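User: I am new to reading protein models. Please take one part of this one and walk me through it closely, then show me how its surroundings are built.

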Amino acid sequence: LTLEELLAEFQIFNSKCPDDGSWFEVLMEMLVAIKSLTCLKCGGCNFDHKYGERFGKCGDCNTIKWLTAEYKFFSKLRLPKAYLFMIYLKEKGYAFSANMFATLLKISVSTTWAIDRKIDLALYHKLESEVDFELVDSSACNDVYMRRSTCTPANTAAIEEQAAMEAMARDQVDAQAEQFKDDQNNSTSTTSKSDSEANQESTTEIYLEDHLNATLTHLQKKILAVLTNKPLQLETLVSTINEPISEILTALTMLELDGLISTLPGQNYAKVNQPKSPVSQGTSIGITERAKTFIADSINFIKQHFQGVSRKYVQLYLVDFWRTQEKQAGGKTISVFEACFDYKEISRAELKAFISPLQLKIFVPIASS
């Protein structure tokens, strides 16, 4: 959107309610339309509250309740107007400048960035659970890595972040390969097929045990002790381990780079049966023409609207591009508001801990899936 177009949309949007209190009322109407408020004490669904107030009183037992508490993504919302306007723009398939948005809403650019990324992260996890996707090596987007992030090596250009992550993963793969080679040289060559399979499982266990003792942090070991080969929800993992979510997310990313766990749809995680290489052997191998076209078009989209992005958040920009393409294609698509409703509260620490995987998810258009 140009500044003039964004201003026009803002005037239409802003004319619906005269003040911030009315925007909270609109938000509550939208939330209650999906799921009614419920009193945890008596189970009642009738609440009284003053106009624009975040607290309400149960009409049956007089218990005071924070009205958005059970709507996790919106539980601690302080800027309902900003959130609803951004969701409104995304529902309509628009791409827009964070600077212009911040100016119109009279909020900081950093706050605008956080709102934008939170909504994109919620949509990303919604797509993971409901939409088919293909995997593409993140080096395919090298042309748009123009902004540094906390993951970019010191005193280097933004593009070096991709190389650093690849190097880290390859170092792990080389160490794994060398360890397996040594273990196999020590095994007998006269075992039967069944014995060979048993030895391979034993070798994997030995390798994992050595690797745990030698290289993993205490938190990474705790995570591996909880995970099995069955999917486990992030929320369950966080409550079980009882450590800051930002640290857990960072540890999960490193374990995935190490090939010890896999990320599954719906924010689920599981152990892998044996260490494997997380590095693709080339950006063109196994990529469909549809995925190649999507990457090419998304690169043009990013260059046109954002000039460039950091490698750290490129996955969320691909989600943003998917959203605009779906809207242009018409037909039924995923509601951005419902994606936020279905997700959880997102802290700034979690946003900062997010790192786009080496294998980016290219989501298939709903009409063709």
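Analyst: What follows starts at a helix pair and then moves on to other parts of the model. Keep in mind that this is a predicted model.

Start with helix H5, which covers residues 109–130. Its packing partner here is helix H12, which spans 314–329. Two packed helices are described by the angle between their axes and the distance between the axes. For H5 and H12, the angle is about 75° and the axes are 9 Å apart. Angles from 65 to 115 degrees count as roughly perpendicular, so H5 and H12 are roughly perpendicular to each other.

Now look at who meets whom. H5 contributes Arg117, Asp120, Leu121, Leu123, Tyr124 and Leu127. On the H12 side, the residues are Gln315, Leu316, Tyr317, Val319, Asp320, Trp322 and Arg323.

Gln307 has a positive phi of about 65°, although it is not a glycine. Asn62 also has a positive phi, near 65°, and is not a glycine either. Asn62 sits in the loop between strands E2 and E3.

Three strands form an open sheet in the order E1-E2-E3, with antiparallel pairing. Strand E1 (47–48) and strand E3 (64–66) stand at the edges. Each has a single partner strand, so one side of each is left without a neighbour in the sheet. E2 runs over residues 55–58 and pairs with E3 over three bridges. In one of the pairings, Phe55 has Trp66 in E3 as its bridge partner.

Next, strand E4, residues 133–137, holds Glu134. Is Glu134 buried or exposed? Its relative accessible area is 14%. Buried means under 20%, so Glu134 is buried. The Glu134 side chain makes a polar contact with the side chain of Thr288, at 2.6 Å. Besides Thr288, Glu134 touches Arg290, Ala291, Leu360, Lys361 and Ile362, leaving aside residues up to four places away in sequence.

Finally, the nonpolar interior. In soluble globular proteins, nonpolar side chains tend to be buried together. Here the largest nonpolar core has 77 residues. Phe73, Phe74, Phe85 and Phe101 have the most contacts inside it. Phe74 touches Leu27, Leu31, Thr68, Ile87, Phe337, Cys340 and Phe341, again not counting residues up to four places away. A second, separate core has 19 residues, including Leu219, Leu234, Leu255 and Leu260.

Note on methods. Residues are numbered from 1 along each chain as its sequence is written. This is a predicted model: local features need pLDDT of at least 70, side-chain atom pairs count only at pLDDT 80 or more; totals for chains, interfaces and linings use all residues. Side-chain values use heavy atoms; hydrogens and water are left out. A nonpolar core is a set of buried Ala, Val, Leu, Ile, Met, Phe, Trp, Tyr and Cys residues joined through side-chain atoms within 4.5 Å. Buried means under 20% relative accessible area, exposed over 50%, partly exposed in between (1.4 Å probe, protein chains only). Contact means heavy atoms within 4.5 Å. Helices (H or I, at least four residues) and strands (E, at least two) are DSSP runs, numbered from the N terminus. A polar contact is a pair of N or O atoms within 3.5 Å; within protein, one must be able to donate a hydrogen and the other to accept it, and residues adjacent in sequence count only if both atoms are side-chain atoms. Two strands pair if DSSP finds at least two bridges between them. Axes are lines fitted to C-alpha atoms, for helices over the stretch in contact, and angles run from 0 to 180 degrees between N-to-C directions. Angles under 35 degrees count as roughly parallel, over 145 as roughly antiparallel, 65 to 115 as roughly perpendicular and the rest as oblique.
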